[in-house]
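Dear colleague,

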Amino acid sequence: MRNVKKSYKNGVTALYDLNLKIEKGEFIFVIGSTGCGKSTLIKMLYRQEKPTSGNIEIGGLDVTKIRNGKVYKLRRKIGVVFQDFKLLNKSNVYENVAFALEIFGLPKSEIHSKVMKVLDLVGLKNKARQYPTELSGGEQQRVAIARAIVNGPKILICDEPTGNLDQTTSMEIMKVLEEINKLGTTIIMVTHDTGIVKKLKKRVILLDAGRVLKDYPEGEYAHEVL
Amino acid sequence: MKFFRILGRNIRDSFKSVFRNFALSLASISCITITLIVVSIAIVLTYNVNNFASNIERDVTIVTFLDVDITSEETDDVEDQINALDYIETYRYESKIKISEDMMASSEVFKNIMKDWDEAESPIQSTFLVKVTDIEKISEVADKIRNIENVNSVKYGEGMVEQLVSVFEVIKNISIGTVIALIVVTAFLISNTIKITIFSRKREIEIMRLVGASNINIKIPFIFEGLFLGIIGSVIPITLTTYGYIALFNKFDGQIFSPFIRLIEPIPFIYYTSGVLILIGIAVGMFGSWRAVKKHLNV
C-alpha cells in the first residue's frame with residue numbers, strides 16, 4: 001500500500017496517506033478503536049471500496065486499477081471471512097463450501113475431495129450435511145473459513161471473525177487460522193479482541209483516526225499495556 | 001466440458017432455488033399465471049375476432065352484371081379482361097338462363113312470372129361473381145370492371161363494405177395493441193415481483209461476488225430461475241386455454257349466435273396459443289430476473 005487515502009462523498013476521510021507492506025506468509029492483526037479505518041482498509045484489499053488516491057498492490061496486481069466487472073478475478077485469489085459468517089442458510093455445510101469451487105466449473109470429484117479436505121482442516125468433516133442454522137457460532141465461522149480457503153487463496157482477509165464468539169470458541173477459530181497460516185497463506189485479520197492479539201504474538205498494526213499509529217513487529221504487542 | 005459443467009450446475013441450482021425459496025417463487029409464479037391467463041383470453045378473443053372478420057371479408061363478392069344482349073364472344077372478352085386484372089382471387093360466370101332457373105326453383109311466384117319468358121326478352125342479366133384477394137382493393141377492382149365494355153353495372157355493397165373494412169381494421173389494431181400492451185405490462189409486473197424476491201436474496205448475490213463469481217456467473221442462475229418460473233407459471237394458463245377453449249367450442253358447436261360467427265377450430269389453434277403463452281412466460285420470467293439481478297451487481 002502506497003500513500004493510500006480514502007475519503008467518502010460525505011466529506012469524511014477514513015484513511016490518510018497509509019503506507020504498509022505485508023510479506024508473503026505473514027499473519028498480521030489490524031487493531032484500533034471503532035471508526036479508526038480498519039474496515040475501510042480491509043474493504044479496499046478485496047476491492048469493496050476504492051481508494052481516493054494511492055496504490056494497493058496484491059501479489060503484483062494493482063487492485064486500484066481493476067474495473068468493477070473484473071473484480072471477481074481478484075476475489076478468486078483472496079479469501080474473505082466476516083464477523084457475521086455470510087453463509088447461505090438454505091444450503092448445507094458441504095454446499096456452502098463447494099459453492100466457491102462450482103463457479104469455476106471444476107469436476108464433481110475434484111470439488112468433493114477439496115471440500116472434504118478443508119472441512120477436515122477446520123474440524124467439520126462430520127457435519128458436512130448439516131445446515132448453518134443447526135451449527136454453533138464457532139462452527140458457522142469455521143464453515144466460512146473453509147469456504148474462504150477452499151480454492152487455495154494466497155491471502156485470507158478476516159474482518160472480526162471472532163466478534164460474535166465467546167473466548168473459548170474464538171481461540172478455536174484462531175487455532176484454525178494459525179494452521180492455515182502455517183500452510184503458507186498470508187492472513188490479515190481485523191479485530192477488537194486485544195486478548196487474542198496478545199496471545200498470538202503476531203505483527204500488529206495499530207490504527208488511529210485513519211493513520212498507522214504503530215506497527216508492532218511479531219511478539220512486541222504482547223508487552224504493550226493499554 | 002467446463003462450460004457444460006458450469007451450465008449444468010446453473011440449471012440444477014436455479015431449479016433447486018425455485019423450491020428452496022418457494023414462498024417467493026410462488027409470488028412470481030402467481031403473478032405470471034394471472035397475467036398469462038389475461039393474455040390468453042386476449043389472444044383467443046383477438047384471433048377469433050380476426051377470424052370472423054376475414055371470413056366475412058372472404059364472402060364479399062363483386063356482382064358484375066353484363067348487358068342483356070351480350071353475345072357469347074363478348075362474354076368471353078369480358079372474362080379475359082376480368083382475368084387480367086390484379087387482386088382477383090376467383091370469379092365465376094352465371095348465365096341468365098341459370099339465374100332464371102335458380103330463381104324459379106327458389107319461389108313459386110318467380111316461377112309463375114318467369115316461366116313464359118324466352119331468352120331474348122328476359123330482363124335477367126348474366127353475371128360474373130368476382131372475389132378479390134384484398135378487401136381493401138375492392139372499390140378499385142369494381143371500378144375497373146365497371147369500365148369494361150359490355151359490363152352494365154357492378155354491385156358489391158358499396159359503402160357497407162368500406163365501413164366493414166374500416167371497422168375490422170380498427171378492431172384488429174385495438175386487439176393487437178391490447179395484447180402487446182398486456183405483454184409489456186406483464187413483463188414489468190413480473191420483473192417487479194421478481195425484483196422484490198431477489199431483493200431478499202441480496203445476501204446470496206453478495207456472497208457470490210465475494211467468493212469470486214463474475215457477473216455472468218451470478219446472472220445466469222437467476223435467469224434460469226426466471227425461465228423455470230415462466231414455465232411453471234404458464235402451466236395453469238395453458239391447461240385453462242386448452243381445456244377451456246375445447247369446452248367452449250364444443251358447447252357452442254363451433255359457432256356463436258349464428259353460423260356466420262364461427263370459432264376457430266381448437267386444433268391446432270390451442271397448440272399455437274399454448275406455445276405463445278409458454279414463450280411469453282419464459283421471456284418475461286427471464287427478462288424480469290435479468291432486470292432484477294442487474295440492480296444488485298455493483299461491487
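The buried residues of helix H6(A) are Ser170(A), Ile173(A), Met174(A), Val176(A), Leu177(A) and Ile180(A), where buried means that 20 or more other C-beta atoms, placed from the backbone, lie within 10 Å of a residue's own, and exposed means 12 or fewer, with partly exposed in between. They cover an arc of only 160° around the axis, taken from the directions from the helix axis to the C-beta atoms, and so they lie on the same side of H6(A). The opposite face, turned away from that buried side, carries the exposed residues Gln167(A), Thr168(A) and Lys182(A).

Please bear in mind that this is a predicted model, in which local features need pLDDT of at least 70 and side-chain atom pairs count only at pLDDT 80 or more, while totals for chains, interfaces and linings use all residues. Residues are numbered from 1 along each chain as its sequence is written, and chains are lettered from A and ligands numbered from 1 in the order in which they are written.

The buried residues of H6(A) pack against helix H5 (137–149), strand S8 (155–159), strand S9 (186–190) and helix H7 (194–200) of chain A, contact being counted when C-beta atoms, placed from the backbone, lie within 7 Å. Helices (H or I, at least four residues) and strands (E, at least two) are DSSP runs, numbered from the N terminus. Just after H6(A), Gly184(A) takes a positive phi of about 110°.

Turning to the sheet, three strands of chain A form an open sheet in the order S2-S1-S4, with antiparallel pairing, for which DSSP must find at least two bridges between two strands. Within S2(A), Leu15(A) stands opposite Lys6(A).

Best regards

Terms used
Contact = placed C-beta atoms within 7 Å.
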